[in-house]
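The following explanation is intended to be read alongside the sequence and the coordinates. It turns to charged side-chain pairs and then to a loop residue.

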Amino acid sequence: MGGVVRRISDSLNAVAMAALFLLIAAMIVVITLQVVARVWFTALSWTEEASRYLLVWSSMIGASIGVKRGSHIAVTFVVGLLPGLMQKIVGVVMAVLACGFFAAGVFYGTELFNRTVFQTSPALELPMRYVYLAIPLSSGIMLVHGLSALLETLGAPSREVK
């Protein structure tokens, strides 16, 4: 079971990294266009809004990549002082809490997505639900990464837990 979840997590992470690259590249293009238009031409009304939404999406997708890599802020000094079994227990508890947080993100993000069905953005007239879709989607990816980490922690011998 853990191997299947890990492969799904790895696949989702690969897609997320490609999407993040495209989102950041698009944001660079839009912001460059905005600067060029403001300096030499007439300012474009939609570029600020587009760059904001691209930033939201890239932040949420980037957060999921950070969860996969385990690169978010953590207090590991105290945990490192614990015996192996206690490290494993703390690791399991933290993974369960993280999964609960990610599941809440999926639930409430989906609620927000459903509530904004008729709302559109002012300049782009983009349905806002596509902007808010970043929350449940990235939370779902983080939930898969969290489950993978939980199953890996449960399957690891006590002395191997970081």
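Which side chain meets that of Lys68 in a salt bridge? In this predicted model, the partner is Asp10, with an N to O distance of 2.5 Å. The pair links distant parts of the chain, since Lys68 belongs to helix H2 and Asp10 to helix H1, 58 residues apart. Lys68 is partly exposed, its relative accessible area being 25%, and Asp10 is likewise classed as partly exposed, at 36%.

The count of salt bridges comes to three. Another of them joins the side chains of Glu48 and Arg52, at 3.5 Å from N to O. Both residues lie in helix H2, and because they are four residues apart there, about one helical turn separates them. Glu48 has a relative accessible area of 43% and is therefore partly exposed; Arg52, at 40%, is also partly exposed.

A further salt bridge is formed by the side chains of Arg115 and Glu111, again with an N to O distance of 3.5 Å. These two residues are placed in helix H4 (residues 84-115), four residues apart, or about one turn of the helix. Arg115 counts as exposed, at 67% relative accessibility, whereas Glu111 is partly exposed, at 32%.

Attention now passes to the loop between helix H1 (2-40) and helix H2 (46-69), where Leu44 is found. Leu44 is partly exposed, with a relative accessible area of 29%. Leaving aside residues up to four places away in sequence, Leu44 touches Leu33 and Ala37. Leu151, by contrast, is 107 residues from Leu44 in sequence and 49 Å from Leu44 in space, C-alpha to C-alpha.

Key. Residues numbered from 1 in each chain as written. Predicted model: local features only at pLDDT ≥ 70, side-chain atom pairs only at ≥ 80, totals over all residues. Heavy atoms only, no water. Buried < 20%, exposed > 50% of the residue type's maximum accessible area, 1.4 Å probe, protein only. Contact = heavy atoms within 4.5 Å. Salt bridge = Lys/Arg side-chain N within 4 Å of Asp/Glu carboxyl O.
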